[in-house]
Amino acid sequence: MNIIFIGPPGVGKGTQSLLISKTIKIPIISSSKILKENINTLSTMQNVSKEINDGKLINDNIVTKLIFSQIEKKFCKPGFILDGFPRTIIQAKELKKFKKIDIIFYLFAKKNVLIDRLIGRRIHVPSGRVFNVNSFAIGEKQLDPLTKEPLSIRKDDSKKIVKKRLEIYNSLTKPLIEFYRTESIRGTCKLYEINASKTIEHVKTELLHHLNLNS
Ligand code: AMP
């Protein structure tokens with residue numbers, strides 16, 4: 001089964017794709033992770049690292065090539081979850097030509113919820129574990145609970161860049177929902193629209209229900 005997660009930054013695509021991947025045992029292809037892993041090779045073409053930190057989208061051609069080269073690998077044979085791709089109509093049309101997608105989960109939440117989540121996001125870089133400042137008690141040291149190592153803030157999670165990322169999402173990525181609504185009506189895939197303001201557990205249960213699985 002091939003699944004896509006679409007939604008604004010901060011809506012929980014990364015968190016939910018990880019939970020679903022563990023449950024149904026198919027790999028996640030995260031576009032931002034792959035971009036960051038390839039930064040040294042890519043930087044000859046575009047200053048990818050700066051563009052990411054500035055909240056801008058990377059060239060469609062570059063991202064599409066990287067993602068497709070992953071999908072073609074053996075580990076994706078049983079299916080895959082795309083997190084962060086496609087993000088533009090051009091990317092979605094290229095993907096349509098390249099691979100059949102079975103399910104699209106569109107996660108949505110109000111702007112203030114997204115801003116609070118992104119600005120409060122703290123990351124344990126070595127493991128990728130994600131936390132929020134609100135999950136720590138007042139006065140408690142904000143450390144990774146398992147390793148007691150310090151947590152980091154993503155450069156693009158500053159208030160200014162978050163606002164820009166949301167604007168870019170609204171102008172370039174949100175039109176994909178209409179694209180997939182049409183595809184879903186045609187019967188080429190199934191689009192599920194999910195309110196992701198609720199708790200992580202609640203959203204996960206809803207996703208599993210659409211996958212005909214119980215949590
Ligand atoms: P994310 O972690 O999904 O919020 O992505 C972080 C950044 O990676 C984005 O702000 C973009 O700069 C870049 N990026 C990730 N996925 C894509 C994509 N599909 N197309 C273009 N740029 C992307």
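Student: What does the side chain of Thr173 reach, and what makes that a polar contact?

Tutor: The side chain of Thr173 reaches the backbone oxygen of Arg87 at 2.7 Å. A polar contact requires a pair of N or O atoms within 3.5 Å. The 2.7 Å value falls inside that cut-off, so the pair qualifies. Keep in mind that this model is predicted.

Student: Where does Thr173 sit, and why is it called buried or exposed?

Tutor: Thr173 belongs to helix α8, residues 159–173. Its relative accessible area is 4%. Buried means under 20%, so Thr173 is called buried.

Student: Which residues is Thr173 in contact with, leaving aside neighbours within four places in sequence?

Tutor: They are Ile6, Arg87 and Ile168. Contact here means heavy atoms within 4.5 Å.

Student: Which other polar side-chain atoms lie by the ligand, and at what distances?

Tutor: Ser31 places one 2.7 Å from a nitrogen atom of the ligand. Ser32 places one 3.0 Å from an oxygen atom of the ligand. Ser31 and Ser32 are also among the residues that come nearest, along with Lys56, Gly84 and Gln91. The residues around the ligand number 14.

Student: Which helix gives the most to that shell, and how do the shell residues divide?

Tutor: Helix α2, residues 31–37, gives the most, with three residues. By type, the shell holds six nonpolar, four polar and four charged residues.

Student: What makes the peptide bond from Phe85 to Pro86 cis?

Tutor: Its omega is near 0°. Most peptide bonds are trans. Pro86 lies in the loop between β3 (80–83) and α6 (89–98).

Student: What stands out about the phi of Lys25?

Tutor: Lys25 is not a glycine, yet its phi is positive, about 55°. Most residues other than glycine have a negative phi. Lys25 is in the loop between α1 (13–24) and β2 (28–30). Exposed means over 50%, and Lys25 has a relative accessible area of 66%, so it is called exposed.

Student: What is the phi of Asn212, and how do you know whether this residue is buried or exposed?

Tutor: The phi of Asn212 is positive too, about 60°, and this residue is not a glycine. Asn212 is found in the segment after α10 (200–210). Its relative accessibility is 72%. That is over 50%, so Asn212 counts as exposed.

Student: How do you know whether the radius of gyration of the protein chain agrees with a compact globule?

Tutor: Set the two values side by side. With 215 residues, a compact globule would have a radius of gyration near 17 Å. The protein chain has 17 Å, so the values agree. The C-alpha atoms fill a box of roughly 55 × 45 × 35 Å along the principal axes.

Student: How many helices and strands does the protein chain have, and what share of its residues count as buried?

Tutor: The protein chain has 10 helices and seven strands. Of its 215 residues, 46% count as buried. The protein chain exposes about 12000 Å², with carbon and sulfur atoms supplying 55% of it.

Definitions and conventions
Residues are numbered from 1 along each chain as its sequence is written. This is a predicted model: local features need pLDDT of at least 70, side-chain atom pairs count only at pLDDT 80 or more; totals for chains, interfaces and linings use all residues. Side-chain values use heavy atoms; hydrogens and water are left out. A residue is near a molecule or strand if one of its heavy atoms lies within 4 Å of it. A polar contact is a pair of N or O atoms within 3.5 Å; within protein, one must be able to donate a hydrogen and the other to accept it, and residues adjacent in sequence count only if both atoms are side-chain atoms. Helices (H or I, at least four residues) and strands (E, at least two) are DSSP runs, numbered from the N terminus. Ala, Val, Leu, Ile, Met, Phe, Trp, Tyr, Cys and Pro count as nonpolar, Asp, Glu, Lys and Arg as charged, and the others, Gly among them, as polar. The radius of gyration is taken over C-alpha atoms; the globule rule is 2.2 Å times the number of residues to the power 0.38. Buried means under 20% relative accessible area, exposed over 50%, partly exposed in between (1.4 Å probe, protein chains only). Accessible areas come from the Shrake-Rupley method with a 1.4 Å probe; for residues, only the protein chains shown count as cover.
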